[in-house]
Amino acid sequence: MKSHLDIFTENGYLVVHDALDTEDLGPLTHIICDVVDKRTREMYSAGTIAHVYEEMPFDKRWYAILQDCGKENEVFGWHTLVYSEALFNLITNRKVLDLIETLIGNEIQFNGDFWVRPKLPNEKLTTLPWHQDSAYMPDTEHDTHLTVWFPLVDVKTENGALQFLPRSHKEGLKSYHRIEGEAFAVPVISPTSSDIDIDTLEMNKGDLLIFNNLVFHRSLLNKSGTIRWSVDFRYSRTGTSLEGLWHEAIACPVREKDNKQCPTSWKEWQRQWNASPHKDRFI
Ligand SMILES: O=C(O)CCC(=O)C(=O)O
């Protein structure tokens with residue numbers, strides 16, 4: 001049987017089913033619900049929306065609110081809004097770090113990059129084109145940077161699953177350009193000419209995906225009537241250069257050699273966050 005490392009090395013990504021449970025994901029989901037509730041009440045008080053949609057479930061409420069006022073998400077992901085101890089606890093979750101350890105060893109740093117993504121029905125902004133993460137992270141292509149991606153609801157093709165091109169990381173970073181009207185740079189040459197190459201990752205809440213910075217992936221349009229909530233973090237081996245990346249200021253070691261105890265505390269990370277200039281750049 002192939003190990004996690006074998007699969008990851010071969011394909012450039014790895015899905016682990018039932019890696020986390022409600023105890024792991026619940027606190028962050030709670031924070032997101034609180035953010036939605038707070039923003040809703042502010043909009044209601046300002047007269048921007050007619051109802052607070054209190055009865056709506058997690059995968060519908062934010063969409064109902066934006067529809068009420070005729071808006072879409074202002075950005076592709078939430079950052080500062082979800083900054084919390086619950087977020088830090090998921091970033092440093094022992095089960096997550098154990099899995100990462102099988103791929104890059106036991107000296108691990110969190111790169112500082114995190115996003116909660118409310119992917120709305122039929123929304124172009126959150127439908128990412130084929131890309132390699134290094135295309136958006138300058139000078140990272142010679143090192144391994146891992147993205148860990150967790151669905152916070154079950155994700156099927158219909159509500160905007162991620163698609164991957166297995167083994168595409170083996171050919172290095174391709175050239176990218178910007179096309180007018182597109183939010184994200186795209187590869188100059190399309191990375192695939194055939195649907196056969198494409199792996200569509202349908203995943204359930206509790207499953208976890210890890211991929212490297214050179215594998216091609218994209219995010220499908222959400223054709224359902226509900227929100228595809230997900231969260232993603234980035235990690236690398238401790239000492240890997242993060243120079244020039246916007247999130248360097250809030251990077252921190254999360255696992256040291258031969259010690260399962262996270263070397264950074266929430267209090268220390270809070271100090272870094274409070275001193276960091278970038279937090280005011282994102283919502
Ligand atoms: O969550 C998504 O829809 C896209 C995520 C992605 O492409 C990334 O994190 O690089």
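Residues are numbered from 1 along each chain as its sequence is written. Because the model is predicted, local features need pLDDT of at least 70 and side-chain atom pairs count only at pLDDT 80 or more, while totals for chains, interfaces and linings use all residues.

**Exercise 1.** Find which residues of helix H3 are buried, and on which side they lie.

*Solution.* 
- Locate H3 at residues 61-68. Helices are DSSP runs of H or I with at least four residues, strands are runs of E with at least two, and both are numbered from the N terminus.
- Apply the burial test: 20 or more other C-beta atoms within 10 Å of the residue's own, with C-beta atoms placed from the backbone. Trp62, Tyr63 and Ile65 are buried.
- They cover an arc of only 160° around the axis, so they sit on the same side of H3. The arc is that of the directions from the helix axis to the C-beta atoms.
- Look just past H3: Gly70 has a positive phi of about 70°.

**Exercise 2.** State which strands supply at least two residues each of the shell around the ligand.

*Solution.* 
- List the residues around the ligand, those with a backbone-placed C-beta atom within 6 Å of it. Among them are Arg117, Lys119, His217, Ser219, Ser230 and Asp232.

**Exercise 3.** Count the helices and strands of the chain, and state how much is buried.

*Solution.* 
- The chain has 6 helices and 11 strands.
- Of its 283 residues, 35% count as buried.

Definitions and conventions:
A residue is near a molecule or strand if its C-beta atom, placed from the backbone, lies within 6 Å of it. A residue is buried if 20 or more other C-beta atoms lie within 10 Å of its own, exposed if 12 or fewer, and partly exposed in between; C-beta atoms are placed from the backbone.
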